[in-house]
Structure formats: C-alpha cells, structure tokens
Amino acid sequence: MEAPHSQATEAMTRLTLDSPAEMQELGRKIAKLLRPGDLVLLTGELGAGKTTLARGLGEGLGVRGAVTSPTFVIARVHPSLTGGPALVHVDAYRLGGGLDEMEDLDLDVSLPESVVVVEWGDGKVEELSDDRLHVVIDRVVGETDDDRRVVTVTGLGTRWSGAGIDSL
C-alpha cells in the first residue's frame, strides 16, 4: 500500500491587468520575490503576454540583454548586472519530449544559482523542483482589441509559503 501524499503547500493570487505595460510591471514586482534556485513556469495562449512578463522579470532582476522570446534558440542566459542571480529564459514550445529533452539544456545545473523561467513548461519541467512559481495568463480569445489579462500566480512548495505572493 502506498503512503498518502502530503498536502502541497500553495500560495496564490489572481490579478486583472489591462495592458502590456501592467504585465511588464507585474514581472518587475515578481522579480523582487525571486532568489537563486527559483523555477518559474509561464503558461498562456500565444500572445497572452508570457514574454512581456519575462521582460519585466529581467528588468526587475537587473540582468544584461533584452529579454526576448527564445523560441528559436530554446534557452537564453541573461547574466546579472547587479550581483544577483542570472535569468535563464527557456521556451519549451518546440520541446515535445518532456524532461528528457529539457535535460539536454542542463537546467538542473543552472537552477541552483539562477532564476529559471520556462515558457510552455507545463508537463515538462515540474520535476526540476518541488518548489516553483506557476504563472497562468488568460486572455480574451478571438478577434478583439481587449488587452485585459487575468493572471493567476501560484507558489507551489514551502519556498513560497509566506513569500509575499499575496502582495502582488
């Protein structure tokens, strides 16, 4: 008989944002909560604002280089300009093999001293860390000029208990 799984620690907040500028500002606010070893998963439809949020994370962390979509290079490392952790920005959209393909990127080597942000990482990188921040961005779909986004930020694991997610 298997032992029952322990209840995971979880902290969550939900926000409504009205513009890409607000999404980028949310990234800067989240960056203030991040530290070396953190894993951040970004989930949302194409055009939801994942890379815009990642750009704000990079600004908030004070890293070198423009944070742009790493779709064609899969992963891009942005060293810190302020003595903080580097930002490893990954786009797992083209990776279909789950953790096996992700292991080729050596993210487990980068994770202890960096902040690793993975777009399209659902079902692919969760095994890298029991403690992770999951940001889900929902947008109005279809032909619309509506820039509103509902963003759910969930901290999984003890690392995020009391880490300030509710103050975003």
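The exercises below, each with a worked solution, walk through a predicted model.

The residues are numbered from 1 along each chain as its sequence is written. Because the model is predicted, local features need pLDDT of at least 70 and side-chain atom pairs count only at pLDDT 80 or more, while totals for chains, interfaces and linings use all residues, and side-chain values use heavy atoms, with hydrogens and water left out.

**Exercise 1.** Find which side chains of strand β1 are buried and which strand pairs with β1.

*Solution.* Begin with the definition of a strand, which is a DSSP run of E with at least two residues, just as a helix is a run of H or I with at least four, both numbered from the N terminus. Next, recall that buried means under 20% relative accessible area, exposed over 50% and partly exposed in between, with a 1.4 Å probe and protein chains only. Two strands pair if DSSP finds at least two bridges between them, and β1 pairs with β7, residues 149-156, in the antiparallel sense over eight bridges. Within β7, V153 is the bridge partner of T13.

**Exercise 2.** Describe the largest nonpolar core and the contacts of I30.

*Solution.* A nonpolar core is a set of buried Ala, Val, Leu, Ile, Met, Phe, Trp, Tyr and Cys residues joined through side-chain atoms within 4.5 Å. The largest has 30 residues, and those with the most contacts inside it are I30, L34, L133 and V135. The elements giving two or more residues to this core include β1, α1 (20-31), α2 (50-61) and β7. Contact means heavy atoms within 4.5 Å, and I30, leaving aside neighbours within four places in sequence, is in contact with L53, L57, L133, V135, V153 and L168.

**Exercise 3.** State how many residues of helix α2 are buried, and then locate G56.

*Solution.* Helix α2 is mostly covered, since nine of its 12 residues are buried. These buried residues pack against α1, β2, β4 (86-91), β5 and β6. G56 has its place in helix α2, and G56 is buried, with a relative accessible area of 0%. Not counting residues up to four places away in sequence, G56 touches Q24, G27 and R28. The C-alpha atoms of G56 and I30 are separated by 8.5 Å, although the two residues are 26 residues apart along the chain.
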